[in-house]
Amino acid sequence: TIARRKNLFIQAPTGVGKTISTVFPAVKAVGEGLGDKIFYLTAKTITRTVASQAFEILRKQDLKMKVITLTAKEKICFCEETICNPDACPYAKGHFDRVNAAVYELLTSTDEMSREVLEEQARKWNVCPFEMALDVSQWVDAVICDYNYVFDPNAHLKRFFGDGVKGEYLFLIDEAHNLVERGRTMYSTSICKEDFLKIKKLVKYGEPKLVSALESCNKQLLELKRECDGCQILNSVSHVYIKLLSLMTKLEEFIEDCKDEVIRKGVLEFYFGIRNFIYIHDRLDENYLIYSELSEEGKFYLHLFCVNPAGCLQEYMGKGNSTILFSATFLPINYYKKLLSAAKDDYAIYAESPFEQSKRLLLLGNDVSTKYTRRGDVP
């Protein structure tokens, strides 16, 4: 599949060795010049550990390949609160003066770059462990990371997957059935009417233009709220979109001039939400559903929901040479092919279980009710 620069869906039972069986051919392909860098993508921390162990097994067989495991900024940050500026973080202060030496030393001293190794190096050189890891990732042969680092438009690694950027990448996607829901989340967005009122109260003094823009958006959302009876499908929200474009300009001006860090932080978070709504709105097509919702708490939401994320995911898969998607729960396979890839000529294979059926034990607990009305009952 890699040699033909195509995608492959693999359904194989748990415990048969999907990780090593996909890592080894990918490593071999890199050695034969069919790819330059492997991205092993997972949804859970434990599967990242398994992937790292697979490379370690090959390393014991004399594999010479630098492998890094990326950890989320919030998890690897040394500070109690993740505030990335030199005034608040001692590791950010002077980071760029020291990081090149830290990266060079790490690359020339080891091939295995786990979270523990990265943290130790970052403390030694007093640099940000997350930013150092991103710099290191440019020089390694394989990157083990969460789906977000490749597919999420708000979190992907711009050095590898930014606009106009592509490379000789090989994508190995573990537990790929999870990517359907994760993809829908990445390419969906929503705004809450009550947030506009909250920000209005936050900036009401001395910012008449921003307050006016917030009131204008709130008015339109109020009209939609009056028409909504719990949940309502909408054909278009372009009138809201136009108002949000105007609001964005006012928010940017306010954020640039605001000196109150607490207020600025609240407005900045709101700004990113509006920016994401505008970005997703620009991508709307037949794969999206627009709807409004009135929650039980009385809050009003406007949703842009990505029903089928295949086209969005394919956009990033297309930045590499080949994608291998594997899972133990990939049936029906055509359902997953439709939701995970826009290509029409993807391969798919079902690997039979190698375990002897005579040694299989199936137990049926007929004393357990599956009725919804019995859920939560204590026997």
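Residues 24 or more positions apart make up 75% of the chain's contacts with a separation of 6 or more. Contact here means heavy atoms within 4.5 Å. This is a predicted model: local features need pLDDT of at least 70, side-chain atom pairs count only at pLDDT 80 or more, and totals for chains, interfaces and linings use all residues. Residues are numbered from 1 along each chain as its sequence is written, and side-chain values use heavy atoms, with hydrogens and water left out.

**Overall build**

- The chain has 15 helices and twelve strands. Helices (H or I, at least four residues) and strands (E, at least two) are DSSP runs, numbered from the N terminus.
- Along the principal axes, the C-alpha atoms fill a box of roughly 70 × 60 × 50 Å.
- Of the 379 residues, 44% count as buried. Buried means under 20% relative accessible area, exposed means over 50%, and partly exposed lies in between (1.4 Å probe, protein chains only).
- The accessible surface comes to about 21,300 Å². Carbon and sulfur atoms hold 52% of that surface. Areas come from the Shrake-Rupley method with a 1.4 Å probe; for residues, only the protein chains shown count as cover.
- The chain carries 50 positive and 52 negative charges, and their mean positions are 2 Å apart. Lys and Arg count as positive, Asp and Glu as negative; His and the chain ends are not counted. A charge is placed at NZ of Lys, CZ of Arg, CG of Asp or CD of Glu.

- Helix H6 spans residues 129-137. Seven of its nine residues are buried, so the rest of the structure largely encloses this helix.
- The buried residues in H6 are Pro129, Phe130, Met132, Ala133, Leu134, Val136 and Ser137.
- Asp135 is partly exposed, at 21% relative accessibility.
- Asp135 forms a salt bridge with Arg159, with the closest N and O atoms 3.2 Å apart. Asp135 sits in H6 and Arg159 in helix H8 (residues 158-161), so the pair ties together parts that are 24 residues apart in sequence. A salt bridge is a side-chain nitrogen of Lys or Arg within 4 Å of a carboxyl oxygen of Asp or Glu.
- Arg159 is partly exposed too, with a relative accessible area of 31%.

**Other salt bridges**

- The structure holds 17 salt bridges.
- Glu215 and Lys200 meet in one of them, at 2.9 Å from N to O. This pair links distant parts of the chain: Glu215 is in helix H11 (residues 208-227) and Lys200 in helix H10 (residues 193-203), 15 residues apart.
- Glu215 is partly exposed at 38% relative accessible area. Lys200 is partly exposed at 27%.
- Glu356 and Lys359 also pair, at 3.8 Å from N to O. Glu356 is partly exposed, with 49% relative accessible area. Lys359 counts as exposed, at 68%.
- Arg48, Asp146 and Arg182 form one network, joined by salt bridges that share partners.

**A buried lysine without a salt bridge**

- Lys319 lies in the loop between helix H14 (310-317) and strand S11 (322-327).
- Lys319 is buried but has no salt bridge. Its nearest side chain of opposite charge is Asp163, 5.5 Å away.
- Beyond its neighbours within four places in sequence, Lys319 is in contact with Phe161, Gly162, Gly164, Val165, Lys166, Gly167 and Tyr169.

**Surface patches**

- Patches are made of residues with over 30% relative accessible area and no salt bridge. Like charges are joined within 9 Å, and nonpolar side chains (Val, Leu, Ile, Met, Phe, Trp, Tyr) within 5 Å.
- Glu252, Glu253, Glu256 and Asp257 gather in a patch of negative charge. Asp257 is in helix H12 (residues 238-257). Asp257 counts as exposed, at 54% relative accessibility.
- Ile20, Phe24 and Ile57 make a nonpolar patch of about 270 Å². Phe24 is in helix H1 (residues 18-31). Phe24 is partly exposed, with a relative accessible area of 47%.

**After strand S12**

- Leu363 lies in the segment after strand S12 (347-350). Leu363 counts as exposed, at 75% relative accessibility.
- The C-alpha atoms of Leu363 and Val140 are separated by 47 Å. These two residues are 223 residues apart along the chain.
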